[in-house]
Each structure stands twice: as structure tokens, then as C-alpha cells.
Amino acid sequence: QVQLQESGPGLVKPSQTLSLTCTVSGDSITTSFYSWIWIRQPPGKGLEWMGAITYDGSAYYSPSLKSRTRISRDTSKNQFSLQLSSVTPEDTAVYYCARVNPVVAGYDYWGQGTQVTVSS
């Protein structure tokens with residue numbers, strides 16, 4: 001069974017960098033041909049795809065967030081991470097990590113999500 005667990009601060013101050021880590025168990029983040037993504041859901045709004053990192057380490061970002069977003073990985077820890085810089089209160093959301101399965105053309109495993117609030 002694949003499990004994903006987000007971790008990181010629940011409160012970030014405006015203009016600072018939000019950093020979250022997703023720890024994966026039950027599968028390796030280098031297993032072909034899966035991708036690993038970050039998605040968020042602001043209060044009262046829908047899901048927003050932020051970016052992905054593939055099994056071979058290539059990263060892709062939402063055009064609207066690309067200038068502020070960086071996704072990286074640590075294969076020794078089987079983790080991938082999100083950094084979102086220059087945050088504002090509009091970045092307040094529940095942040096999720098998930099696995100993309102190309103066989104089913106969708107997200108087959110999700111983390112439980114972590115609330116991040118941007119406030120001074």
C-alpha cells in the first residue's frame with residue numbers, strides 16, 4: 001500500500017517561503033513511470049495543480065506559480081518537497097501531495113493534506 005504524508009509548518013508569514021515535504025512509503029519515487037505532484041485547495045475554492053516531479057527528476061510547474069515554485073526530491077529519503085516563495089494570504093490553503101499513475105491517467109494515492117495559513 002502506497003502512503004504519502006505531508007509535513008511542514010502550518011503558519012507562514014507573508015513574504016516568506018513556504019516549505020513542505022511529502023514522505024512516500026510503499027513505493028519508490030524513482031519507479032517508472034510515476035509522477036509526484038503538489039495540489040492545493042484554498043478555502044472555498046477548487047483544487048489547484050501546482051507542479052510535479054517525475055520518476056526521473058524532471059520538474060514541471062503551473063504557469064501561474066512557476067516564478068515562485070520549486071519542487072525537488074531526496075531519493076535517499078524517498079521524499080519530494082515544495083517551496084513556494086513570497087507567499088501572501090492568498091496562498092492560504094490545504095496542501096496535498098499525490099501520485100500520478102499513467103496507467104489510470106489520474107491520481108491514485110493522496111496524502112491527507114496539511115493546512116498552511118499565511119498570516120502575520
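A salt bridge is a side-chain nitrogen of Lys or Arg within 4 Å of a carboxyl oxygen of Asp or Glu. By this rule the count comes to 5 salt bridges in the structure above, which is a predicted model.

One of the bridges is between D27 and R99, whose side chains meet with N and O 2.9 Å apart. Are the two partners buried or exposed? D27 counts as buried because its relative accessibility is 17%, and buried means under 20%. R99 is buried as well, at 5% relative accessibility.

Other salt bridges join up. R40 forms a salt bridge with E48, and the closest N and O atoms of this pair are 2.7 Å apart. R40 is buried, with a relative accessible area of 5%, whereas E48 is partly exposed, with 23%. The side chains of R68 and D91 meet in a salt bridge too, at 2.9 Å from N to O. This pair links distant parts of the chain, with R68 in the loop between β6 and β7 (69-74) and D91 in the loop between β8 (79-84) and β9, 23 residues apart. D91 has a relative accessibility of 2%, so it counts as buried. Taken as a group, R40, E48, R68 and D91 are linked in a network of salt bridges.

The next topic is the aromatic rings. A pair of aromatic rings is described by the distance of the centres and the angle of the planes. How many aromatic pairs does a search of the whole structure find? The search finds 5 aromatic pairs. One of them is formed by F33 and Y55, which is edge-to-face, with 5.3 Å from centre to centre and 85° between the planes. F33 lies in the loop between β3 (18-25) and β4 (35-41), and Y55 lies in the loop between β5 (48-54) and β6, so the pair ties together parts that are 22 residues apart in sequence. F33 is exposed, with a relative accessible area of 56%, while Y55 is partly exposed, with 24%.

Another pair consists of Y96 and W110. Their ring centres are 5.8 Å apart and their planes stand at 85°, so this pair is edge-to-face. The pair links distant parts of the chain: Y96 belongs to strand β9 (residues 93-101) and W110 to strand β10 (residues 106-110), 14 residues apart. Y96 is buried, with a relative accessible area of 18%, and W110 counts as partly exposed at 35%. Elsewhere, ring pairs link W36, W38 and F80 into a cluster.

W110 also takes part in the surface. Together with L47, W49, Y60 and Y107, W110 makes a nonpolar surface patch of about 510 Å². Y60, a member of this patch, is found in strand β6 (residues 59-61). Its relative accessibility is 47%, so Y60 counts as partly exposed.

C97 is found in strand β9 and is buried, with a relative accessible area of 0%. Which residues does C97 touch, not counting residues up to four places away in sequence? C97 touches L4, Q5, E6, C22, I37, W38, F80, Y109, W110 and G111. These contacts include W38 and F80, which are members of the ring cluster, and W110, which belongs to the nonpolar patch. C97 and T23 are 74 residues apart in sequence, and their C-alpha atoms are 9.1 Å apart in space.

L20 is found in strand β3 and is buried, with a relative accessible area of 1%. Leaving aside neighbours within four places in sequence, L20 is in contact with S7, G8, P9, W38, F80, S81, L82, Y95, T114 and V116. W38 and F80 are therefore among the contacts of L20 as well as among those of C97, with burial of L20 at 1% and of C97 at 0%. The C-alpha atoms of L20 and L47 are separated by 17 Å, and the two residues are 27 residues apart along the chain.

How values were computed:
Residues are numbered from 1 along each chain as its sequence is written. This is a predicted model: local features need pLDDT of at least 70, side-chain atom pairs count only at pLDDT 80 or more; totals for chains, interfaces and linings use all residues. Side-chain values use heavy atoms; hydrogens and water are left out. Patches are made of residues with over 30% relative accessible area and no salt bridge: like charges are joined within 9 Å, nonpolar side chains (Val, Leu, Ile, Met, Phe, Trp, Tyr) within 5 Å. Accessible areas come from the Shrake-Rupley method with a 1.4 Å probe; for residues, only the protein chains shown count as cover. Helices (H or I, at least four residues) and strands (E, at least two) are DSSP runs, numbered from the N terminus. Buried means under 20% relative accessible area, exposed over 50%, partly exposed in between (1.4 Å probe, protein chains only). Rings of Phe, Tyr and Trp (its six-membered ring) pair if their centres lie within 6.5 Å; planes under 30 degrees apart count as stacked, over 60 as edge-to-face and the rest as tilted. Contact means heavy atoms within 4.5 Å.
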